[in-house]
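Biologist: Could you walk me through this one slowly? I would like to look at a few side chains and then move on to a sheet.

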Amino acid sequence: MQISTLSQSLALRQSINEMRAQFDDLQRQLSTGLKTDSYAKLGTDRNAVLSLSHQLSQLTAYTNTISRTEMRIEVMSDALTRVNTIASQTKTTLASTGFELVNGKQTSAQIQSAMQFDELVNLLNLEVEDRYLFGGLDTSTRPVALPADILNGVDGKAGLKQFIAERALADLGADGMGRLTLGTVDSTVTLAEDAAPSVFGFKLAAVTSTLSNATVTGPAGTPASLDVEFTGFPVPGEKIELRLALPDGTDTLVTLKASVNNPAGPGEFTIGADADQTAANFQAALETALKREGQITLRAASSVEAANNFFDYAAGGAPQRVDGPPFETATGLIEATEADTVFWYRGDLTGTPGNNFTAQIDDGRQLQYGARADQAAIRDTLKMSGLLAAVEYSDAEDPEQTASYQALSGRVTQKLNFKGVQSLESIVTQLGLSASTLSKTQARHDLVMASANEMLGDIQNADPYEVGVKLNTLITQLQASYQVTAMLSKMSLVNFI
C-alpha cells in the first residue's frame with residue numbers, strides 16, 4: 001500500500017465536502033419538497049416556472065373577484081326576489097280586501113303596505129363587506145332614506161305625505177272643480193280649463209254627444225274650452241260624455257243623460273221648460289258630476305302623480321314640488337332642494353340604473369352586473385307601497401271615498417304590473433345569468449389552475465422516494481469515505497516497515 005500523499009488527502013477531503021453538500025441539499029429537498037431553493041438553479045425551466053406562477057397569481061385574483069361577486073349577486077337576488085313577492089302580495093291583497101278602515105284611517109291593505117315599506121327600505125339598504133348593494137357606484141352611502149323620513153319628512157323637510165297634500169290642493173282647486181270653470185249665458189253652457197295654463201287638474205280631452213237639439217263645440221283653443229248650446233229639448237235617455245285627462249296620464253269619463261226626472265238622479269240632468277232652463281239644469285248637473293269626479297278619480301290620480309313627483313328623478317334632477325303657496329292657484333312645478341325636501345334616494349345617479357358594477361373575471365373579460373334602488377321596477381314597488389302607506393281616509397261609509405280608494409287601488413295594481421319597464425323577475429333572471437357566467441368561468445379557472453399547478457409540481461417538486469434513495473446511497477458513500485480517511489490518517493513509515 002502506498003503512503004497517502006498530500007494531494008490524495010486533499011482530493012478525498014474535497015470529495016467528502018461535495019458529498020456533504022449533496023447530503024444537505026437532499027435533506028432540504030426532503031423537508032421542503034422542492035428541488036431547488038431559487039429560480040436560478042432551475043436552469044432552462046426557470047422561465048416556465050415564472051410564467052406559470054404569474055398565471056396562477058392572476059387566476060387567484062380572478063377567483064377572489066368571482067367569489068366576492070357571487071356573494072353580492074346572491075344577496076341581491078334574494079333581496080329582489082323578496083321585493084317581487086311584496087309587489088305580488090300587494091296586488092293580491094288589494095284585490096281580495098275592501099274599503100274597511102281598520103284604524104279609522106286606513107284599510108288592512110294599506111297597513112300591510114306600511115309594514116312592507118319598512119321592509120323594502122331595509123332590503124334596499126343591504127350591505128355586504130361594508131358595501132351598499134343598491135346604490136350603484138356609490139357603495140359607501142346608504143342609498144335609501146329612512147322610512148319615516150320618506151313618508152313624514154324630517155327637520156322641516158317635506159316628505160311624501162306633504163307632496164300628496166299639496167298636489168291635491170293644486171289639482172282640485174279652491175272650488176273642487178279640478179281647475180275647470182263653468183258658466184252659462186242664455187242657453188249655452190261653457191266649460192273651460194284655467195285661464196292661466198297649468199299642469200294641474202282636469203284637462204278637456206274629448207266630447208261625444210247624442211243630444212238632440214244641442215250643438216257641441218270643442219274642446220279647442222289654449223286653454224281648451226267647449227260649448228254646449230241647447231236649441232230645443234233633448235230626448236230623454238240621450239247623453240253627453242266628457243273625456244277628461246288626469247294628471248297621472250290616465251283619463252276618465254263624465255256622462256250625463258237627459259231626463260224628465262225632477263230632481264234628476266245621479267248622472268242625469270233635467271230637461272227644462274225651455275232651452276235656457278235646460279242649459280241651467282245641465283250646468284248644475286255638470287258641476288255636481290265634476291266635483292264628484294274630482295273627489296274620486298282626480299284625487300286618486302293626483303296622489304299617484306304626487307308620488308311620481310317625489311320618487312322619479314334622475315341624475316342632475318330633483319323631486320318636483322307644487323310651486324306654492326298658494327297651492328290652489330298654482331300653475332306649475334319647481335325643483336325641490338335638499339333644504340326643503342327629503343330626497344329618498346342618495347346613491348349614484350349616473351348612467352342607466354342596473355348593471356352598474358364591473359368585475360374583472362378573466363383576461364380581457366369583464367362582467368357587468370347589479371341593480372339599483374332607483375331602477376324603474378324597484379323604485380315603483382317602493383313608490384306604490386309608500387303611496388298606500390301615506391294616503392288616509394276618514395269615512396268608510398262615504399261612497400266617494402270608497403270609489404276613490406278603488407281608483408287608487410286600480411292604479412297601484414296597474415303600476416305593479418311593470419308594463420313598459422324591466423320587471424323585477426327579469427332583473428332577478430339577469431342576476432341569475434350573471435351568476436351562471438361566474439360559475440362557468442370559475443370552473444374553467446379551476447381546470448387551468450389544476451393543470452398549471454401540476455406542471456409546476458413536475459418542475460419544482462422533489463420526489464421524496466427518489467430523494468430518499470439518493471440519501472441512502474450518499475450516506476453509504478460518506479461512511480466509506482470517512483473510513484478510508486480514518487485509515488489513511490493512521491498510516492506512517494513505522495507502520496509500513
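Biologist: Is Tyr-393 buried or exposed?

Modeller: Keeping in mind that this is a predicted model, Tyr-393 has a relative accessible area of 9%, and because anything under 20% counts as buried, Tyr-393 is buried.

Biologist: Which residue does Tyr-393 form an aromatic pair with?

Modeller: Tyr-393 pairs with Tyr-405 in an edge-to-face arrangement, with 5.7 Å from centre to centre and 85° between the planes. Tyr-393 sits in the loop between α7 (376-390) and α8 (399-415), while Tyr-405 belongs to helix α8, so the pair ties together parts that are 12 residues apart in sequence. Tyr-405 also counts as buried, at 3% relative accessibility.

Biologist: How many aromatic pairs are there in the whole structure?

Modeller: A search of the whole structure gives 12 aromatic pairs. One of them joins Phe-311 and Trp-344, whose ring centres are 5.3 Å apart and whose planes make 50°, so this pair is described as tilted.

Biologist: Which residues do ring pairs link into a cluster?

Modeller: The cluster consists of Phe-163, Phe-310, Phe-311, Trp-344 and Tyr-345, linked by ring pairs.

Biologist: What lies over the face of Phe-357?

Modeller: That is Arg-131, which lies over the ring face at 5.7 Å from the ring centre.

Biologist: Changing topic, what is the order of the strands in the open sheet?

Modeller: The open sheet has 4 strands in the order β3-β4-β7-β6, and their pairing is antiparallel. The edge strands, which each pair on one side only, are β3 (180-185) and β6 (214-220). On average, and ignoring direction, neighbouring strands are turned by 10° against each other.

Biologist: Over how many bridges do β3 and β4 pair?

Modeller: Strand β3 and strand β4 (residues 188-193) pair over 6 bridges in the antiparallel sense, and along this pairing Leu-180 stands opposite Glu-193 in β4.

Biologist: And which helix packs on the sheet?

Modeller: Helix α6 (residues 275-311) does, touching β3, β4 and β7 (225-230), and the direction of helix α6 makes about 170° with that of β3.

Key. Residues are numbered from 1 along each chain as its sequence is written. This is a predicted model: local features need pLDDT of at least 70, side-chain atom pairs count only at pLDDT 80 or more; totals for chains, interfaces and linings use all residues. Side-chain values use heavy atoms; hydrogens and water are left out. Two strands pair if DSSP finds at least two bridges between them. Helices (H or I, at least four residues) and strands (E, at least two) are DSSP runs, numbered from the N terminus. Axes are lines fitted to C-alpha atoms, for helices over the stretch in contact, and angles run from 0 to 180 degrees between N-to-C directions. Contact means heavy atoms within 4.5 Å. Rings of Phe, Tyr and Trp (its six-membered ring) pair if their centres lie within 6.5 Å; planes under 30 degrees apart count as stacked, over 60 as edge-to-face and the rest as tilted. Buried means under 20% relative accessible area, exposed over 50%, partly exposed in between (1.4 Å probe, protein chains only). A charge sits over a ring if NZ of Lys or CZ of Arg is within 6 Å of the ring centre and within 35 degrees of the ring normal.
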